[in-house]
Every structure is written in structure tokens, then in C-alpha cells.
Amino acid sequence: MTQRLTPRVSSRKTPQQARSTELVATILEAASRVLEKEGAAKFTTARVAERAGVSIGSLYQYFPNKAAILFRLQSDEWQQTATMLSSILQNRKKSPPERLRELVQVFIQSECEEALMRTALNDAAPLYRDAPEALEIKAGAEKIFDDFMREALPDVGSEKRKLAGELISKTLGAVGKDFSESFRTAEEINAYAQAMADMFCAYLAVTENSAA
């Protein structure tokens, strides 16, 4: 039986100087534009280097192949989502319902703004979700959300609270993806996000009251 080979997805080296950091940023920006405008099928290191205005040798100093570029783009997207989640849900100056409303609004807005890019990444890099870096980011985001749910539903048992958290997070992700696949106006995005937030907040209120 032939062993399936996994492409190398780690970067060759981490940029240490400002010039190198700028070069990597230029390559990643070019890669984003190529992926978004031309799709995964036409995504190549040569095309990215051409779009970035750098030599293929310069690109290979930091990314050994196109898989490494795609994984970096995907990892950055996951990290941005986790950072957004953290900044909103850990802001205890606002009540849990207020934070949940803000999260829904920002998440739906982000899904719509970056729909083309995320669709292309999903087509190009579906197996990267099992990489250690991806699992670490996912675990961190889940902990943040679990902590928020404990605060939002302090009197609810752990199993019921876990169920509530899963329903909210999975519904938000699935519905947000579906909603963003068509062009939406700012008014449509705002109305949809508010309606979804109303639904989630009402669900939390009913769940908390049932435990009282």
C-alpha cells in the first residue's frame, strides 16, 4: 500500500528583519489577490511571485511550495477570527447579551466581506484544519467561548450550557457562511445580524430562566 504524502506546509524560515517582514507581507498580499480573483485551480507560486513583483527564488526563501503559502493564509484567517472572538467576548465592561450581539454583528459582516477569499481557501486547503497549528487556534477559541458561556449562563448545568454553546457557535458559523455566499447590502447585513442576535439572546434568557 502506498503511503500518502503530506505536502510541507511550514514556512522555510521566519523573517527577522523589517525588510524581510515586508517581503513576506507583500507575498501574502499577492497570494490573497491571486486566490481571490483566479481561484484555487490557478494558484501557483509562479503566479504569486509575478503578482508580488518578486523573483521565484525570493519567494522560496520563505515558502517551499504553494501549500505553505495557502496554509499561512488559512492560519492567519483563523488567528484573526480567534483574536476578534477574544476581544469581544472577554470585554467585561459589557453584559453577556451585549457582547453576543456585537459578536454576531462583527462575524456576519466579516463573513460577507471576505466570502470570496474564504471560499477559495476552503477549496484549496481543506486538510489544513487538522494541522497542529490549526487545532491549537481552535482549542483557544473554544476555551474563550466556553468561558463566555459560563458567564452568560452561571446557573445552568455544564451539560446544558455546553449544548447551548454548541448550538450558538455552530449555527452562527453555518448560517453566516450560507448568508455570505450571495451579495448583501449593508442594510441586509445589519438586519440579518440583528435578527440572529435577537434569537440567540432570547435563547440564552429562556435557558437561564429555566434553571432558576
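This is a predicted model: local features need pLDDT of at least 70, side-chain atom pairs count only at pLDDT 80 or more; totals for chains, interfaces and linings use all residues.
Glu-29, Arg-33 and Glu-36 are joined in a network of salt bridges. Take one link of the network. The side chains of Glu-29 and Arg-33 meet in a salt bridge, at 2.5 Å from N to O. Both residues belong to helix H1, which spans residues 18–38. They sit four residues apart there, so about one helical turn separates them. Glu-29 has 45% relative accessibility, so it counts as partly exposed.

A search of the whole structure finds twelve salt bridges. One of them pairs Arg-47 with Glu-38, whose closest N and O atoms are 2.9 Å apart. Arg-47 has a relative accessible area of 23% and is partly exposed. Glu-38 is partly exposed as well, with a value of 28%.

Asp-76 counts as partly exposed at 26% relative accessibility. Arg-72 counts as partly exposed too, at 28%.

Now step back to the whole chain. Its secondary structure comes to nine helices and zero strands. From the N terminus on, the elements run α-α-α-α-α-α-α-α-α. Of the 212 residues in the protein chain, 39% are buried. The accessible surface comes to about 12500 Å². Carbon and sulfur atoms account for 53% of that surface. Contacts reach across the sequence. Among contacts with a separation of 6 or more, 71% are between residues 24 or more positions apart.

Is Glu-111 buried or exposed? At 10% relative accessibility, Glu-111 counts as buried. What does Glu-111 touch, leaving aside its neighbours within four places in sequence? Its contacts are Arg-118, Gly-176, Lys-177 and Ser-180.

Aromatic rings come next. The count is two aromatic pairs. In one, the ring centres of Phe-145 and Phe-148 are 6.1 Å apart and the planes stand at 40 degrees, so this pair is tilted. Both residues lie in helix H7, residues 132–152. They are three residues apart, about one turn of the helix. Phe-145 is buried, at 9% relative accessibility. Phe-148 is also buried, with a relative accessible area of 1%.

The rings of Phe-179 and Tyr-192 have their centres 3.9 Å apart. Their planes are at 15 degrees, so the pair is stacked. Where do these two residues lie? Phe-179 is in helix H8 (residues 158–180), and Tyr-192 is in helix H9 (residues 186–211). The pair therefore ties together parts that are 13 residues apart in sequence. The two partners fall into separate classes of accessibility. Phe-179 counts as buried at 5% relative accessibility, whereas Tyr-192 counts as partly exposed at 31%.

Note on methods. Residues are numbered from 1 along each chain as its sequence is written. Side-chain values use heavy atoms; hydrogens and water are left out. Buried means under 20% relative accessible area, exposed over 50%, partly exposed in between (1.4 Å probe, protein chains only). Contact means heavy atoms within 4.5 Å. Rings of Phe, Tyr and Trp (its six-membered ring) pair if their centres lie within 6.5 Å; planes under 30 degrees apart count as stacked, over 60 as edge-to-face and the rest as tilted. Accessible areas come from the Shrake-Rupley method with a 1.4 Å probe; for residues, only the protein chains shown count as cover. A salt bridge is a side-chain nitrogen of Lys or Arg within 4 Å of a carboxyl oxygen of Asp or Glu.
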